[in-house]
Each structure stands twice: as structure tokens, then as C-alpha cells.
Amino acid sequence: MAALSTAFPRARRARGEASRAKTNSRSPLERQHRRMFWPFAAPAVIFYTVIFLVPIGYAAWTSFYKWDGVSDKKWRGWKNYQVLFDDPAFRSSLTNTLKILFVGGACTFVIAFGLTMALREMRARLFARSVIFFPCLVNAMVFGILAGFLFSPDGPVNQVLHDVGVSTPPKWLSTDNQFPMILGTIIWTATGYYTAIIMAGVDQIPTYLYEAAELDGCNAFQRFRHVTLPLAWEVISVCAVLWTVSSLQIFELILAFGGTQNSAAPPVNSWNTAMYVYETAFPPRSTPQLGMATAAAMVALVLIGFITLVLRRVMRRAAIEY
Amino acid sequence: MTTTPRRLAAVGTAAVIAAAGLSACSSSSGSGSKDGFTYWSMWTAQEPQGQAIKKLFDQYTAETGVKVDVQFLGRDVNTRIVPAITANKAPDLWDQGSDVIYGSAASTGQALDLTPVLSMQVPGEGKTVGEIIPAKYNQALPKDSNGVQNWVIPYIVSSAEFFYNAADPDIKAAMPTPPATWADFIKVCDALKAKSKPCLASEGEDDWTNGLIFDYRLNAAGVNFADLTNDKTGAAWDNPAVLKAAQETDQLIAGHYVVPGYDATKTPAQETAWASGKDAFFMNGSWVTSETGKEVASTWKYGAMLPPGVTAPDSMTFGFTIPKKAKHADAAEKFIAWFVQQKNMAALASTADTLTTRTDVPAPADLTDVQKALDSSAVRLTFDGQSGDDVYTKVFAQNFLDFWHGKLAPEQFVAKVKATQVSYWKSQS
């Protein structure tokens with residue numbers, strides 16, 4: 001009720017509530033802002049609720065049923081979740097998701113920071129930025145197809161390795177190397193994207209701060225450590241959340257790398273949770289298990305939601321004004 | 001049978017299913033015109049099959065005046081059909097591989113019983129549909145959840161065999177007559193090896209085509225793959241015949257008869273290499289002839305043979321089915337009876353370089369050997385119908401690839417699949 005009263009000062013005034021003095025103390029502009037809050041916010045709130053919250057609620061509800069999408073739902077309670085965690089395929093999918101999140105994330109950001117240090121001080125940096133951003137524009141399907149050409153035993157990569165004296169190069173495309181290759185491609189494509197965002201933040205840092213650091217005798221790493229990192233922290237924090245959320249959605253690259261024309265699915269050891277959800281919801285030749293699929297999706301959602309919250313908390317810093 | 005690009009196109013649908021249930025999946029109206037019906041095709045408009053079928057639909061409308069709303073959705077059709085049925089917006093007619101139709105509709109009792117269609121007259125032929133489409137194809141399929149056998153009318157049939165270039169002098173010299181036993185086949189491989197020609201092409205990452213060799217060895221040893229993998233105790237893997245099948249399969253790997261580097265390439269690298277004559281045999285579905293037809297030399301002559309000792313060729317049929325909730329099922333049924341006319345099926349066979357289910361439609365030259373094999377009195381399903389099922393994907397596929405890549409000996413492979421299978425079924429109980 002308190003919230004309602006705050007939200008609707010006109011109604012509160014009509015009821016003659018005691019907080020009149022406090023309300024009157026607000027400026028006319030502030031009162032106007034408060035009056036217009038819900039008319040402006042309501043469409044977005046309704047839209048968000050209908051498009052996101054209701055479907056998530058429906059998915060959560062479905063996850064407690066056995067359902068093929070057509071027949072009547074059968075209540076299974078927490079059994080779907082129990083089966084899920086007993087399923088080695090799901091456990092390995094979850095592990096792969098976390099590998100993408102943490103290993104992929106660490107590599108991506110370390111490289112992005114390195115590039116940031118180099119790009120900030122190089123000539124033709126706008127051109128260089130465009131070049132490193134380019135992989136982000138290419139569809140994952142292209143990488144899946146290109147990999148077969150580039151990394152085949154007698155492909156260009158191995159030819160270069162032979163030329164520099166590597167006589168037994170790795171079997172890049174073996175099923176054991178499939179997930180590391182996928183991870184490498186994710187890092188390669190994501191690095192340019194995050195470097196571009198971090199660089200946009202770095203561009204806002206006044207150059208005199210760098211000049212001062214240089215006068216103090218800081219080398220490039222020290223300038224990054226003491227100037228770039230703290231002043232671009234808010235942007236980096238947003239990038240970390242973006243990465244966390246987007247890592248959950250990676251799907252097509254795994255399908256493109258591992259799927260073959262005849263194969264029922266990519267090898268299970270290369271699945272992440274998104275792939276697990278897809279294969280469970282749309283098995284090519286067996287009955288859909290939508291309850292299990294939504295249970296897997298809910299686990300991934302909760303996990304990523306939790307990690308995002310922790311990340312926001314850990315990365316929270318007082319804003320530095322400059 | 002399911003291509004990666006098409007499956008990719010279903011990503012959006014998958015996401016919606018995962019996050020939003022089935023709120024927004026249906027995409028098309030299921031209503032047809034007064035005398036017409038709607039059809040969702042598993043083919044794309046660019047594929048030869050799609051082109052041939054498009055012509056036949058146009059012809060049908062011209063002949064009968066019945067309007068058909070045709071949508072060429074490609075393999076994505078199977079991800080769209082379930083939400084469409086749920087939303088009561090299903091097409092009146094759709095087609096797919098029978099295994100896919102079973103998984104998405106028949107297994108849940110959502111496919112119409114087409115037994116009455118078998119009694120319908122084929123226009124101008126004085127025969128019924130049931131008299132011209134061999135019953136063995138449907139008899140090989142599982143019954144739907146209501147006990148219905150005829151939930152699909154198959155019009156195209158494929159089979160998996162060892163394909164080779166019958167005009168290749170190396171192969172002709174090594175194999176004057178088809179091998180009668182597996183040991184004879186290994187001798188053929190030895191003869192080819194002596195000429196520095198790998199006996200077998202293999203897309204090493206593909207558990208399905210490579211697994212077919214093991215599946216056929218099991219069949220030759222009298223073991224049913226589906227029974228084997230459905231055994232919750234795993235005891236079926238203790239059958240000595242299973243180990244024998246694994247050992248025979250292993251002969252190809254341990255004997256280095258498979259093309260070198262097969263375990264580190266990506267589809268379709270090895271298929272392309274095979275089509276250029278680098279190796280001899282390639283286990284694949286009979287669509288391989290249309291896939292490689294433009295790549296092979298003009299002297300190439302497709303031959304196909306079943307692995308020695310096999311009791312029945314496998315069959316993969318593609319056919320029409322009608323959702324139970326179809327609004328114009330009668331019109332769709334009439335069309336099926338019209339479609340299976342000899343002239344129509346012959347046009348389909350020649351345009352798409354494919355085998356039809358009519359025995360009186362000659363096979364394209366590339367597929368005469370396959371048609372001969374399919375003339376047998378009985379056929380079986382690949383992996384006895386288990387391919388693409390959860391237990392196949394999660395239990396068999398990964399372990400088989402390790403075995404196929406030489407990382408597991410036959411005994412280790414059998415023991416590992418057995419253990420994985422027991423724990424899989426335990427988790428599902």
C-alpha cells in the first residue's frame with residue numbers, strides 16, 4: 001500500500017493522508033515526474049511481462065510435467081530434474097557451458113585487454129579495430145564449413161605448420177578436439193566484439209591522465225593497470241554480464257561443427273546446455289520430451305542468473321568521475 | 001537425412017519451446033480452399049525432389065481443379081509440425097522420412113490411419129494403392145501409439161549399402177564376384193591394399209554411416225540392434241555374437257583398411273575424396289548417388305552391395321502422412337491415390353535420381369543394384385529403428401566413435417557401451 005501511495009500522489013491527496021507536508025516539499029517538476037512514471041513505464045512493464053516473464057513461468061510449470069507437445073501433460077514433479085542430474089549427457093553439457101563461460105571468458109577478456117593496450121597507442125587503430133571486429137560479423141555456419149577446409153590433415157593450417165618444421169601437427173578435427181576447437185572459435189569471434197566495446201569506454205578517458213602517468217614513468221602495462229582498468233571498469237563490468245548471458249546462448253556453432261548430414265546429433269561430449277535443450281525438445285527421430293527440455297533450460301537460466309548476480313556484486317565499484 | 005542448415009533454421013523455434021512453451025510456434029494456416037488442401041513439404045523448392053513434386057502438384061491442380069497450398073519447408077518441417085498440431089493449425093498433408101514422422105506424430109497417435117487409402121483406386125491403373133505399394137515397407141515400421149500400422153504412405157525408398165565404382169579396374173580386379181562372407185570381403189580389402197587403395201571411405205565424425213557397418217554385422221550375426229540397446233540390464237551385450245560383430249568391424253580399423261586421416265576430417269571431405277576415386281567402398285544411404293553425381297568422372301558406374309551375410313537390406317522410406325486434426329483429410333487422401341500413379345512416380349525417379357516404392361518404376365541407372373536388394377521379400381530399418389533415439393545418441397554414438405577411431409578394442413567397446421547403457425536406463429527409470 002505504501003508503494004501504491006507513493007506511486008499515486010493524487011489518490012493519496014484525495015484521501016487526505018498525513019504525508020501532505022512531505023509531498024508538498026517536492027518540487028513541481030519532481031511531482032510531475034512521479035505522476036508520469038506509470039503511464040510511461042506501464043507499456044514496457046506489460047510488454048516485458050507478456051513476452052518474457054509469462055513464458056518463463058510457463059516453461060517452469062512445464063518442467064514439472066512429462067509432455068510430448070501434443071498429448072496431455074503428465075505430472076512428474078521434480079523427477080525431470082532428478083533424471084536430468086542423473087544423465088551424464090546433461091552433466092557434461094553443463095560442464096561445457098561452464099567451460100565456455102569461465103575458460104572462454106577468461107581467455108576472451110585477457111586477449112581483449114591486451115588488444116586494448118596495444119590498440120590505444122597504435123596508429124591506424126580504427127582500421128585495426130574494424131579488422132578484429134570482423135569475425136564477429138561472420139555467421140557461425142561459415143566457421144563450421146571453413147574449419148573442414150582449414151584444419152583438414154592436408155589443409156592450409158597444417159601446411160604452414162609443416163613449413164615451420166612441425167612434422168606431426170594435432171588432429172584438429174578429431175572428435176576429441178571438437179570442443180576445444182569450438183571454444184577457440186568462440187574466443188576468436190568474441191574477442192573483437194568485446195575489444196570494440198571496451199575501446200569505446202577507453203576512448204572516453206581523458207588523454208591527460210595517460211600523459212600524467214607517462215610523466216610518472218608508467219610503462220604500457222602500468223598505464224593499463226592504473227588508468228585504463230579503473231576508469232573503464234563500468235564498461236568492463238557490463239561486458240562481463242553480456243558475456244555471461246551470451247555464453248548460455250551459444251548453439252549454432254556446436255551444431256555446425258559437430259552436426260553432419262546423416263548424424264542424429266553432434267557428439268554428446270561437445271554439447272552445451274542449449275544443445276541439450278534443442279536435442280531433447282526436437283530429437284530428429286524420436287518423441288519430443290518438452291518437460292525435460294524446459295527443465296534443462298530452467299537449470300541453465302537459474303545458473304546463469306545466479307552467476308550474473310554474483311558477478312554484478314563482485315564487480316561493483318564506486319563510480320569514478322573524470 | 002537432417003541437414004545442418006535446416007536444423008539451424010529451427011533454432012528460434014527451439015528457443016521458444018525452451019523458454020516459452022508452445023506459445024508462438026505455429027506459423028501457417030491449416031485451412032485450405034473449399035475443395036483444396038494444404039501441404040507442407042520436407043523438400044526445399046530447389047532440391048530435385050522438390051522440383052519434381054512441385055510439378056506434380058501443379059499438374060494435379062490443372063487436372064482436377066483442386067487448389068493446393070504448397071509450402072516447401074525443408075527438413076525443418078518436423079520441428080514445426082508438433083506445435084502446429086498442438087495449435088490445431090496443422091497442414092492437411094505433409095511428408096518426411098518415416099522415422100521422423102513416427103517420432104514427431106505417429107508415436108503420439110497424431111497421424112491419421114491411412115489404411116483406407118490403401119483401398120483407393122489409383123486413377124487409370126485398375127489397381128489399389130495397396131496393390132502397388134509393397135506392404136513390407138510399412139510392416140517394417142513400428143505401430144503408432146494406437147496400434148495403427150499404416151500411418152504413412154511411402155513414395156520414396158532408400159537403402160544403405162557399400163557403394164563403389166563398378167568401373168574401377170582396381171575394384172574389378174580385387175572383386176571379380178561379390179564376396180560371400182565377411183572374410184571374403186576382408187580379402188577384397190587386402191587386394192585393394194596391395195594396390196595402395198584404401199578399402200573404405202569414412203566420414204570419421206559420423207556415427208551414423210559408420211555405425212551402419214556395425215549394425216549390419218549385428219544383423220548378420222542374428223542380433224537386433226533395438227533389442228540390444230533397449231535391454232535395461234545390459235546383459236544383451238554379453239551375447240558372443242555381439243562381440244563377434246564388434247571384432248569384424250574392428251578388422252577394418254585394425255587392418256588399416258579405412259582411408260588414412262578419416263578421424264580428423266569433416267564431412268563431406270571423405271565423400272568428395274571417394275567420388276574422386278581415392279578409395280573403394282563407402283557405406284551410405286542411396287542418396288549418395290545424387291549427392292556425388294556431379295563430382296564423379298564420366299567413366300564412373302555406381303555399384304552397391306550389402307555387406308556379406310546380411311539377412312535383409314535396410315529401408316528408409318519417405319512418405320505422405322495426414323495429421324489426425326487435418327481439416328481436409330479427404331482431399332489429401334485423394335491426392336495420395338493420384339500421386340502414386342506410375343507416370344508420376346517415374347517422373348519423380350528420373351528427376352530426382354531416386355528410388356520410388358513402386359517396383360514397376362525402373363530404378364535410375366545409378367541405383368539398379370539397390371533396387372535389386374530391395375526386391376527381397378522383407379526389409380528392416382536402419383539400426384532396427386533405434387537410430388536417432390535418445391539411447392542411440394547418448395549411449396551408442398559416442399562410444400562407437402571412440403571404437404571406430406581405434407581408441408577402444410572390441411572387448412572394451414562392448415563393455416563400455418554395456419556400462420553406459422545400464423546407467424542410462426537406470427537414470428530413465
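User: What should I know about the model and its numbering before I start?
Analyst: The model is predicted, local features need pLDDT of at least 70, side-chain atom pairs count only at pLDDT 80 or more, and totals for chains, interfaces and linings use all residues. Residues are numbered from 1 along each chain as its sequence is written, chains are lettered from A and ligands numbered from 1 in the order in which they are written, and side-chain values use heavy atoms, with hydrogens and water left out.

User: Where in chain B do B:Cys189 and B:Cys199 lie?
Analyst: Helices (H or I, at least four residues) and strands (E, at least two) are DSSP runs, numbered from the N terminus. B:Cys189 is in helix H10 (residues 182–194) of chain B, while B:Cys199 is in the loop between H10 and strand E8 (200–201) of chain B, ten residues apart.

User: Is B:Cys189 buried or exposed?
Analyst: Buried means under 20% relative accessible area, exposed over 50%, and partly exposed in between (1.4 Å probe, protein chains only). B:Cys189 counts as buried because its relative accessibility is 1%. B:Cys199 is also buried, at 1% relative accessibility.

User: How do I read the strand order of the sheet in chain B?
Analyst: Two strands pair if DSSP finds at least two bridges between them. The order in this open sheet of four strands is E8-E9-E7-E10 (chain B), and the pairing is mixed. E8 and strand E10 (302–305) of chain B are at the edges, each with a single partner strand, so one side of each has no neighbour in the sheet.

User: Which way do E8(B) and strand E9 of chain B run?
Analyst: E8(B) and strand E9 (residues 281–285) of chain B run parallel and are joined by two bridges. B:Ala201 has B:Phe282 in E9(B) as its bridge partner. By contrast, E7(B) and E10(B) run antiparallel, with four bridges.

User: Where do side chains point in a strand?
Analyst: In a regular strand the side chains alternate between the two faces of the sheet. From E10(B), B:Tyr302 and B:Ala304 point one way, B:Gly303 and B:Met305 the other way, and all are buried. B:Met305 in E10(B) stands opposite B:Phe162.
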